[in-house]
Amino acid sequence: MLLRRCGRHAMLVELDSLAEVEALHGALLVADLPDVVELVPAATTVLIAVRPGSDGLNRARAVVEAADLSHPPDRTPRQVRLPIVYDGPDLALVASTARLSVDEVVALHSGAEYTVAFCGFAPGFGYLVGLPEPLRQARLDNPRTKVPAGSVGIAGEFTGAYPTASPGGWRLIGRTSAILFDAKRTPDPALLAPGDHVRFEVAS
């Protein structure tokens, strides 16, 4: 673990794995840290920002140094269900690569429970971990210049849904009608947040 100051009111904690990020992020969430105004987990880091003029960084540092990075603390995650239609342009490619039928891909993907490890790339884009091993595949060799909003894809150990139309290289297996990001939605414009548990439900 490595701690770096980020200006006067923030600290970046560098870690070795997503598992350690999850453990530290969870420890910070359950700690009594009223002066922490933002926690931003990423693939191997957690950014902690505090209220200016407070003692928040010192209190947060004490939690960081005492955290058990091998075990996330017990807490009740928010449950999110996303409707999905499995008709993506790469669904057959994913099935062929995994040596599965399309129905087996659908069953595996929709049967798993995922955790939002972190958000990034675009507002509302959650990187979900928990993808079954047979579905873990490389990104496309040639990324698309435009992926439609709501497209659900896989890449490496992650699955996720594109909140808005954008370029992208993930293998697309379906689409969701869920509004993943709405700037006018309060209090949280993004539907997904780190730590949430997510399931994909096949739309009828």
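Author: The expected span of a helix is 1.5 Å times one less than its number of residues. Keep that rule in hand for this predicted model.

Reader: What makes the span of helix α1 agree with its number of residues?

Author: Helix α1 covers residues 18-30, which is 13 residues.

Reader: Which residues of α1 are buried?

Author: They are Leu18, Glu20, Val21, Ala23, Leu24, His25, Gly26, Ala27 and Leu28.

Reader: Why is His197 called buried?

Author: Buried means under 20% relative accessible area. His197 has 19%, so it counts as buried. His197 is in strand β13, residues 197-202.

Reader: What makes the pair of His197 and Glu113 a polar contact?

Author: The cut-off for a pair of N or O atoms is 3.5 Å. The side chains of His197 and Glu113 make their polar contact at 3.3 Å. Leaving out residues up to four places away in sequence, His197 also touches others, including Pro77, Val80 and Tyr114.

Reader: Why is Arg99 called exposed?

Author: Exposed means over 50%. Arg99 has a relative accessible area of 79%, so it is exposed. Arg99 is in the loop between α3 (91-98) and α4 (102-111).

Reader: And why is Phe121 called exposed?

Author: The cut-off is again over 50%. Phe121 has 51% relative accessibility, so it counts as exposed. Its loop runs between β6 (114-119) and β7 (126-129).

Reader: What is the phi of Arg99, and what is that of Phe121?

Author: Arg99 has a positive phi, near 60°, and is not glycine. Phe121 is not a glycine either, and its phi is positive at about 70°. Most residues other than glycine have a negative phi.

Reader: How do you know that the peptide bond from Thr186 to Pro187 is cis?

Author: Its omega is near 0°. Most peptide bonds are trans. Pro187 lies in the loop between β12 (171-175) and β13.

Reader: Which residues touch the most other members of the largest nonpolar core?

Author: Val198 and Phe200 do, in a core of 24 residues. β5 (79-84), α3, α4, β6, β9 (151-155) and β13 each supply at least two residues of this core. Another core, of 17 residues, lies apart from it; among its members are Leu15, Val21, Val36 and Val46.

Reader: What does Val198 contact beyond its neighbours within four places in sequence?

Author: Among its contacts are Val80, Leu82, Ala112, Tyr114 and Leu192.

Definitions and conventions:
Residues are numbered from 1 along each chain as its sequence is written. This is a predicted model: local features need pLDDT of at least 70, side-chain atom pairs count only at pLDDT 80 or more; totals for chains, interfaces and linings use all residues. Side-chain values use heavy atoms; hydrogens and water are left out. Helices (H or I, at least four residues) and strands (E, at least two) are DSSP runs, numbered from the N terminus. Buried means under 20% relative accessible area, exposed over 50%, partly exposed in between (1.4 Å probe, protein chains only). A polar contact is a pair of N or O atoms within 3.5 Å; within protein, one must be able to donate a hydrogen and the other to accept it, and residues adjacent in sequence count only if both atoms are side-chain atoms. Contact means heavy atoms within 4.5 Å. A nonpolar core is a set of buried Ala, Val, Leu, Ile, Met, Phe, Trp, Tyr and Cys residues joined through side-chain atoms within 4.5 Å.
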